[in-house]
Amino acid sequence: MENQSALTYKVVETCLLAGKIMLQSGAETYRVEDTMTRIAESFGILHTHSFVTPTGIIFSIDGSEPTKLVRVSERSTDLKKVTIVNSISRKLTGREISLNEAWDELKIIEKTNFAYPIWIQITAAAIASGCFMIMFNGGWGDFLPSVITGGLGFTGLIYLHRIVKVKFFSECLSSLIIGLMAITFVKLGIGHELDKIIIGSVMPLVPGLLITNAVRDLMAGHLVSGISKGAEAFLTAFAIGTGIAVVISLFSMI
């Protein structure tokens with residue numbers, strides 16, 4: 001009986017760790033719940049209950065085991081971690097690895113940073129900004145200004161978020177940088193279409209994955225998570241729009 005209780009405790013801790021990693025890495029709510037349920041079922045624990053929100057996980061088992069709560073405060077986008085945790089879940093279900101091996105792998109994944117180096121992220125954001133500008137019918141003459149503007153804006157987002165912990169303000173300040181750079185290029189005659197440069201440059205800041213996950217959670221019936229993620233996406237879009245609007249309003253008065 002004692003061994004069974006210890007096994008159940010370890011299974012619950014493994015489920016929570018897997019769910020926490022996935023939630024921190026940008027996974028959808030229903031995917032997190034499904035992964036935890038599958039891990040528990042692979043060890044014969046059939047009656048489990050989970051409630052996942054963007055900021056926390058509640059997991060319980062029918063019986064004497066107490067309900068467990070995990071708080072999630074930092075969230076990012078790292079789909080590689082989501083994929084690896086899903087793979088570990090499948091291996092557990094197929095009895096390819098033991099529970100202890102899965103736990104050790106999850107602890108390593110939790111501490112590992114799979115993100116690309118910052119210079120690669122900035123370079124990718126800069127090139128994407130120029131490509132988005134072209135996609136929105138901009139001219140090739142504005143390609144380089146869009147690349148520089150988008151790269152500087154994304155750089156500002158990364159480093160300002162380290163200084164200003166409130167995400168809204170770091171995003172707003174980043175869009176201010178984009179607006180200032182775009183107007184500067186146009187005033188100097190290097191850029192031509194202000195709107196196209198701005199639109200292309202802000203695209204790397206747009207919360208596309210967050211909006212997608214919000215819609216998918218709502219369609220899956222997870223109303224609390226869907227609405228909260230939608231509200232977060234709206235605030236991000238509002239912050240970006242506010243920064244651009246402030247810059248354009250100030251320069252229109254000059």
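Colleague: What are the ground rules here?
Modeller: The model is predicted, local features need pLDDT of at least 70, side-chain atom pairs count only at pLDDT 80 or more, and totals for chains, interfaces and linings use all residues. Residues are numbered from 1 along each chain as its sequence is written, and side-chain values use heavy atoms, with hydrogens and water left out.

Colleague: How many aromatic pairs are found in the whole structure?
Modeller: The search gives 4. Rings of Phe, Tyr and Trp (its six-membered ring) pair if their centres lie within 6.5 Å; planes under 30 degrees apart count as stacked, over 60 as edge-to-face and the rest as tilted.

Colleague: What kind of pair do W140 and F143 form?
Modeller: A tilted one, with 5.6 Å centre to centre and 40 degrees between the planes.

Colleague: Is W140 buried or exposed?
Modeller: W140 is exposed at 65% relative accessible area, while F143 is partly exposed at 24%. Buried means under 20%, exposed over 50%, partly exposed in between (1.4 Å probe, protein chains only).

Colleague: Which residues do ring pairs link into a cluster?
Modeller: F168, F169, F234 and F238.

Colleague: Switching to the sheet, what is the strand order?
Modeller: β1-β2-β3, an open sheet of 3 strands with antiparallel pairing. Strands are DSSP E runs of at least two residues, numbered from the N terminus, and two strands pair if DSSP finds at least two bridges between them.

Colleague: Which strands are at the edges?
Modeller: β1 (48–53) and β3 (68–71), each pairing on one side only.

Colleague: How many bridges join β2 to β3?
Modeller: There are 4, and I57 has V70 in β3 as its bridge partner.
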